[in-house]
Amino acid sequence: MRKTSPSPASQPSSTAPPRSGGEAAADTAVRVPTRVIAYADPEPRPDTRPLAVEMPVNVIYGSVPYAVMMTTPADLVDFAYGFSLTEGIVRAADEIRDAAVEPGEGGLRLLVDLAPGRLREHLARKRAISGRTGCGVCGIDDLADIPMAETKPDAGVTVTLGAVERALAALFDLQTLNRETRAVHAAAWADRDGQVLAVREDVGRHNALDKLIGALLRAGTRPETGFLVITSRCSFEMVEKAASFGAAVLVAISAPTSLAVERARLHGLTLAAIARSDTVTVFTAPERLVSAPPDPAP
């Protein structure tokens, strides 16, 4: 069984902090017995296979439960910060005083201690999320309440096509849990040269991005210093999370949805998707992706 010891992709760097001491180690993959059957030879062959662990995590602010999320039980303190930002519960990392993980009945409890004023504001807001790994609008009663990020990306950010190519080429080898299980998503942060500085993985694509954003918040990373890469389908929630952080460029390996493109256009965010080793399709704000770095100002 695999523990949540830091992988090379998650080691401390200029943007990614070490894992918090408030987070206990847990299995992220377990081996199970299987029988492999070939169509041409139906004699079963005994085998074992690693599976990604999926576990309910109850996110609690103060003493009040807020959400039950199905997650990979790693980097949960990062998740607390990123989830709190992208849910609109906090606007900055210093509005979280502490976050800790403890065992709960049938899962884990993620205890998030908010600054007093922020906690009062949060408790006045009604939303309940249960069992979510994908839906970004669970618990919302009215269409007008669909999340909308307020942060605008830096208009002057540009990223070279070579940097995107380098980040994509490096990402596969940095997805340690996915290489083992073939069952989890990844979100990565690359600097503007295309060096991947941080990766977070999770069974939920939203969770992976929240974990990454949380790591960047905790490290004080400025959003104009790099770009995001996600391995999953790019729905509108992924765009909203990227926009909440203030990222100017989001690169997705899979295709976007129509609402994702609409929201990216609204936020002024560059959305590049269907990213492959030889091509990338740019859906919004193509001026940020350039063939060469801009000339330095005189």
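**A walk through the chain**

Guide: Asp75 is buried, with a relative accessible area of 4%, where buried means under 20% relative accessible area, exposed means over 50% and partly exposed lies in between, using a 1.4 Å probe and protein chains only. This is a predicted model, in which local features need pLDDT of at least 70 and side-chain atom pairs count only at pLDDT 80 or more, while totals for chains, interfaces and linings use all residues. Residues are numbered from 1 along each chain as its sequence is written, and side-chain values use heavy atoms, with hydrogens and water left out.

Visitor: Where does Asp75 sit, then?

Guide: Asp75 lies in the loop between strand S4 (64–71) and helix H1; helices (H or I, at least four residues) and strands (E, at least two) are DSSP runs, numbered from the N terminus. Its phi is near 55°, which is positive although Asp75 is not a glycine. Most residues other than glycine have a negative phi.

Visitor: Which other residue has a positive phi although it is not a glycine?

Guide: Ile274 does, with a phi of about 50°, and its place is the loop between S13 and strand S14 (281–284). Ile274 counts as partly exposed because its relative accessibility is 32%.

Visitor: Stepping back, how many helices and strands are there in the chain?

Guide: The chain has seven helices and 15 strands, and of its 298 residues 50% count as buried. Its accessible surface comes to about 13900 Å², with 54% of that belonging to carbon and sulfur atoms, as computed by the Shrake-Rupley method with a 1.4 Å probe, where for residues only the protein chains shown count as cover.

Visitor: What does the largest nonpolar core look like, in numbers?

Guide: The largest nonpolar core has 50 residues, and those with the most contacts inside it are Leu110, Cys234, Leu250 and Leu271; such a core is a set of buried Ala, Val, Leu, Ile, Met, Phe, Trp, Tyr and Cys residues joined through side-chain atoms within 4.5 Å. Helix H1 (residues 76–86) gives the most to this core, with seven residues. Another core, of 20 residues, lies apart from it and includes Leu168, Val196, Val251 and Leu289.

Visitor: Changing topic, which residues of H3 are buried, and which are exposed?

Guide: Ala163, Val164, Ala167, Leu168 and Leu171 are the buried ones, and seen down the axis of H3 they fall within an arc of 135°, so they line one face of the helix; the arc is that of the directions from the helix axis to the C-beta atoms. Ala169 and Asp173 are exposed on the other side of H3. The buried residues of H3 pack against several strands, including strand S9 (185–191) and strand S10 (196–202).

Visitor: How do S9 and S10 pair?

Guide: They pair in the antiparallel sense over six bridges, where two strands count as paired if DSSP finds at least two bridges between them. Trp189 stands opposite Ala198 in S10, and in the hairpin, which has four residues between the strands, Gly194 takes a positive phi near 90°. Seven of the seven residues of S10 are buried, so S10 is largely enclosed by the rest of the structure.

Terms used
Contact means heavy atoms within 4.5 Å.
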